[in-house]
Amino acid sequence: MANLGIDVLFKGTNFLRLLQGLWVSVEISLVSVAISIILGLLVGVLMTLNKLWLKAILKIYLEIVRIMPQMVLLFIVYFGTTRVFGWDITAEAAAIFVFSFWGVAEMGDLVRGSIKSIPKIQFESAYALGMDKKQTYFYIILPQTIRRLIPLSINLITRMIKTTSLVMMIGIVEVLKVAQQIIEANRKASPNAAFGVFAVVFLLYFIVCWPISRLAVYLEKRWA
Amino acid sequence: MRNKLLKRLTSGLLITALTAATFTACGSSDNSAATLDAGTTDSSKETGSAAGFRTLDEIKESGTINIGVFSDKSPFGYVDENGEYAGYDVYFAERIGKDLGVEINYVSTEAANRIEYLQTGKVDIILANFTVTEERAQEVDFALPYMNVALGVVSPSDAVVESLDDIGADDQVIVISGTTAETYLTKNYPDIKLQKYDAYAEAKTAFENGNGVAWANDNTEVIAFSIENEGYTVGIPSLGDNDTIAPAVTKGNETLLTWLNDEITSLGDEQFFHADYEATLLDTYGADYEDTLVVEGGKVQ
């Protein structure tokens, strides 16, 4: 069997560094995902309100997120703000801001879609029972919305976790960057290390993303 | 009706917003350039932070220097198995830290963000295998060079190509698309037939299979290839325009630039970069190319 080069991971502190890199990715994505879920619910509800100016603003926000590649956003927030305003924000803060900015918009749109898909009769029945707008949303609409949201948001969340590999462009050393460092440092000694190391990185991403999708399946069944 | 209006309104707003954003972006970059100019002309003892960089004194005062290096380009800048930065660039960076009497904070940079890091002052020096070009020199200030790069041509040892004029009319030379080697040969030797490959691995396989009489690439690459693979010789170790690799600082950071230039000149007396080569590059490039690659004391021979 050909040498897959997994042994390079056991040299020195390589494997530990890979795990530290994974933690950096997970930390950035978990914070961003938490912010995205909370603010996304709010933005999603705002998107359904019949206020013209609010709709226009949120539409522009969503379009900006859709049009701008995350990489461009990272450069604008990390380097652009220093250039224009002289702010010196840390790379981690910039990354969390960009991923939340993205997550809130997409999450908001998913929430909007889910709320729109709730039949009108649900609103009307709630009002007929004497509930006010707040109660209707809180007790009737949002619980049903959240159930519909689960599969949709899991796609977004796992996508966010994987996209954190872009933060290497603003100097954050995360799991994929560590993997590249390890491969390059051993380029001569084990030229095939790329395969083995990337296979391990794949496994690490899987270990992070899989529990999230299991949790989603569980919640979907439980709340169905 | 209402929906249509809303759609028009939002798309109109979107366009105005985007145009406005573009203009403000241009305007503000002009502004920052203007303030930078004003800062440098107004006060001779300008504080670096206002201009987007730290002066030599400010770096010494803070006790830490930020140096941007590659973390995955062995053997120039990489991270070893103990998580320590190492390589030809890093060896020099360590010396800079020692002679300045400050700690070094290494920042992992990519080829695409090196200029951005300097222009925003997020690093003080870039030491990331940074080739000096005219375009880049307009954006950043290069210090004296510490290494040469040029093109090289490798060929099988039993039929070494020592001059490009030796290449017959039917012979083909292998290049990788988009490299300096391709541009150079197309421009200066239009008669030579090129066999182009997209990736390094493909070009390597094709060359090993004898699809071409020679392989042209950056000389560091072909030298490393000839050392790693038996039966190949670099017939032309240095071809075309000789480019150099140098440290870079933010444009206008005179104090740091002057210090770096003095440092590189004085390090020439102790043959520092030869020692650097022997410590970091010898394994990859061998002793034969030491004088081809190293630039000592900032003076290109």
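The legends below describe close-up views of a predicted model.

**View 1. Chain B in outline.** Chain B holds 13 helices and 13 strands. Of its 301 residues, 42% are buried. Take the contacts in chain B between residues at least 6 apart in sequence: 70% of them join residues at least 24 apart.

**View 2. Two domains of chain B and their contact.** Domain 1 of chain B covers 50-146 + 246-293, and domain 2 covers 149-243. Their C-alpha centres lie 30 Å apart. Seven residues of domain 1 of chain B contact eight residues of domain 2 of chain B. On the domain 1 side, three of the touching residues are nonpolar, four are polar and none is charged.

**View 3. The side of chain B that touches chain A.** Here 28 residues of chain B are in contact with 26 residues of chain A. The elements of chain B that give two or more residues to this side are α1 (2-42), β2 (72-73), β3 (77-79), β5 (103-109) and α5 (114-119). Helix α1(B) supplies the largest share, nine residues. By class, the chain B side has eight nonpolar, 13 polar and seven charged residues.

View 4. Strands β8(B) and β11(B) pair in the antiparallel sense, over four bridges. V154(B) has W215(B) as its bridge partner in β11(B).

**View 5. Strand β9 of chain B and its partners.** Strand β9 (residues 172-176) of chain B has four of its five residues buried, so it is largely enclosed by the rest of the structure. With strand β10 (residues 193-197) of chain B, β9(B) pairs in the parallel sense over five bridges. I174(B) stands opposite Q195(B) in β10(B). Strand β9(B) also runs parallel to strand β11 (residues 214-218) of chain B, joined by two bridges. There, V173(B) has A214(B) as its bridge partner in β11(B).

**View 6. The β-α-β unit of chain B.** Strand β9(B), helix α7 (residues 180-188) of chain B and strand β10(B) make a right-handed β-α-β unit.

**View 7. Helix α9 of chain B.** Of the 10 residues of helix α9 (residues 219-228) of chain B, eight are buried, so the helix is largely enclosed by the rest of the structure. The buried residues are N219(B), T220(B), E221(B), V222(B), I223(B), A224(B), F225(B) and S226(B). Their cover includes β8, β11, β12 (232-245) and α12 (282-285) of chain B.

**View 8. P156(B) and its surroundings.** P156(B) is found in strand β8 (residues 147-156) of chain B. The residue is partly exposed, with 17 other C-beta atoms within 10 Å. Leaving aside residues up to four places away in sequence, P156(B) touches G231(B) and Y232(B). P156(B) and V213(B) are 57 residues apart in sequence, yet their C-alpha atoms are 7.6 Å apart in space.

**View 9. The open sheet β5-β1-β6-β13-β7 of chain B.** This sheet has five strands and mixed pairing. Strands β5 and β7 (140-142) of chain B are the edges, each pairing on one side only. Strand β1 (residues 64-70) of chain B and strand β6 (residues 125-126) of chain B run parallel, joined by two bridges. G68(B) stands opposite I126(B) in β6(B). Helix α4 (residues 88-100) of chain B packs on the sheet, touching β1 and β5 of chain B. The direction of α4(B) makes about 175° with that of β1(B).

How values were computed
Residues are numbered from 1 along each chain as its sequence is written. Chains are lettered from A and ligands numbered from 1 in the order in which they are written. This is a predicted model: local features need pLDDT of at least 70, side-chain atom pairs count only at pLDDT 80 or more; totals for chains, interfaces and linings use all residues. Domain bounds come from an automatic or database domain assignment. Ala, Val, Leu, Ile, Met, Phe, Trp, Tyr, Cys and Pro count as nonpolar, Asp, Glu, Lys and Arg as charged, and the others, Gly among them, as polar. A residue is buried if 20 or more other C-beta atoms lie within 10 Å of its own, exposed if 12 or fewer, and partly exposed in between; C-beta atoms are placed from the backbone. Two strands pair if DSSP finds at least two bridges between them. A crossover is right-handed if, with the strands pointing away from the viewer, the path from the first strand over the helix to the second runs clockwise. Axes are lines fitted to C-alpha atoms, for helices over the stretch in contact, and angles run from 0 to 180 degrees between N-to-C directions.
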